[in-house]
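Dear colleague,

Please find the structure below, handed over for your records. My notes on it follow directly after.

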Amino acid sequence: MKTWIPDSRSFAYLTWKQVDALPRESTLLVLPTAAVEQHGHHLPLATDTLINNLLLGKALEIIPADLPIYALPPVCYGKSNEHIGFPGTLSVTAQTFLAVVHDLGASIAASGFKKLVLFNTHGGNTSLVDVLARDLRAEFGLRTFTLFGSGGVPFEGISPQERTYGFHAGEIETAYLLHATPELVHPEAYTTNYIARIDHPEPLKPEGSSANFAWLTRDIAPSGVMGDPTPATAANGERWTNESAARIAELLIAMYNFVPRHGA
Ligand SMILES: [Zn+2]
């Protein structure tokens with residue numbers, strides 16, 4: 001897999017003696033979690049993994065070199081059963097995903113490290129990552145943090161419809177890859193599909209509401225796209241990459257410095 005992680009920030013490039021020399025209390029390890037799954041007719045299966053690596057790599061580039069913050073090799077396979085039925089989707093069950101990340105947490109704790117970030121860029125993993133963060137804290141005493149997607153940048157210029165229902169292979173993901181791996185994007189094959197419209201309020205939503213329906217992509221999006229990739233530009237992709245990286249760097253530094261505040 002193509003990588004933007006600087007060699008000096010790649011945990012797996014160290015020897016065990018170099019790992020042994022790291023400050024155990026303060027070193028912050030970042031575990032990327034993503035997916036290998038269909039992304040419409042125009043984006044590669046690895047889209048979520050590439051975006052994760054791109055944003056984390058660019059963030060690590062701008063973090064001061066003396067802070068011991070390292071990227072672990074990614075968990076590329078995620079819970080992607082919403083995309084089953086599309087050739088190429090490689091999904092693991094919730095149980096498998098929970099078990100793998102749990103076991104990595106056990107190994108990290110056994111190596112004496114105290115701080116772990118779960119950096120997730122695939123929506124299907126989100127609720128599992130939340131469960132894992134609490135469980136790793138409770139079971140191994142790891143100070144565990146979660147970090148999602150772009151770290152909360154505003155994506156200026158996105159339409160309200162795309163902002164709300166551009167779930168998958170839409171403008172943002174397409175723009176990131178038009179910037180980072182244009183050779184892997186197929187603009188001639190763009191398709192547009194929205195799973196719901198903001199101007200047609202309906203009582204049940206696909207996500208994020210107080211009453212939702214469980215969806216499978218094949219039921220609602222024949223091309224696999226949920227969103228509109230057509231307005232995506234490489235220029236926006238570059239701007240959003242830089243903004244996301246800056247935000248992620250800031251959040252990683254906050255995690256590195258984090259001391260829990262007790263009630264006053
Ligand atoms: Zn994606």
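This is a predicted model: local features need pLDDT of at least 70, side-chain atom pairs count only at pLDDT 80 or more; totals for chains, interfaces and linings use all residues.

Residues are numbered from 1 along each chain as its sequence is written, and side-chain values use heavy atoms, with hydrogens and water left out.

The zinc ion is coordinated by His39 (NE2), Asp48 (OD) and Glu173 (OE) at 1.8 to 2.1 Å. Donors here are N, O and S atoms within 2.8 Å of the metal (3.2 Å for Na, K and Ca); water is not among the atoms, so sites may look incomplete. Along the chain, the donors are spaced as H-x8-D-x124-E. His39 and Asp48 are both buried (under 20% relative accessible area, with exposed over 50% and partly exposed in between; 1.4 Å probe, protein chains only).

His42 is placed in the loop between β1 and α2; helices (H or I, at least four residues) and strands (E, at least two) are DSSP runs, numbered from the N terminus. His42 counts as buried because its relative accessibility is 0%. Its side chain reaches the backbone oxygen of Ala169 at 3.3 Å. Leaving aside neighbours within four places in sequence, the contacts of His42 (heavy atoms within 4.5 Å) include Thr174, Leu184, His186, Tyr190 and Pro229.

Helix α6 is largely enclosed by the rest of the structure, because 8 of its 10 residues are buried. Among them are Glu171, Glu173, Thr174 and Tyr176. The cover over the buried residues of α6 includes α2, α5 (160–165) and α8.

Helices α3 (residues 94–110) and α4 (residues 126–140) pack at an angle of about 35°, with their axes 10 Å apart. Axes are lines fitted to C-alpha atoms, for helices over the stretch in contact, and angles run from 0 to 180 degrees between N-to-C directions. Residues of α3 including Phe97, Leu98 and Val101 meet residues of α4 including Leu128, Leu132 and Leu136.

Methods. A polar contact is a pair of N or O atoms within 3.5 Å; within protein, one must be able to donate a hydrogen and the other to accept it, and residues adjacent in sequence count only if both atoms are side-chain atoms.
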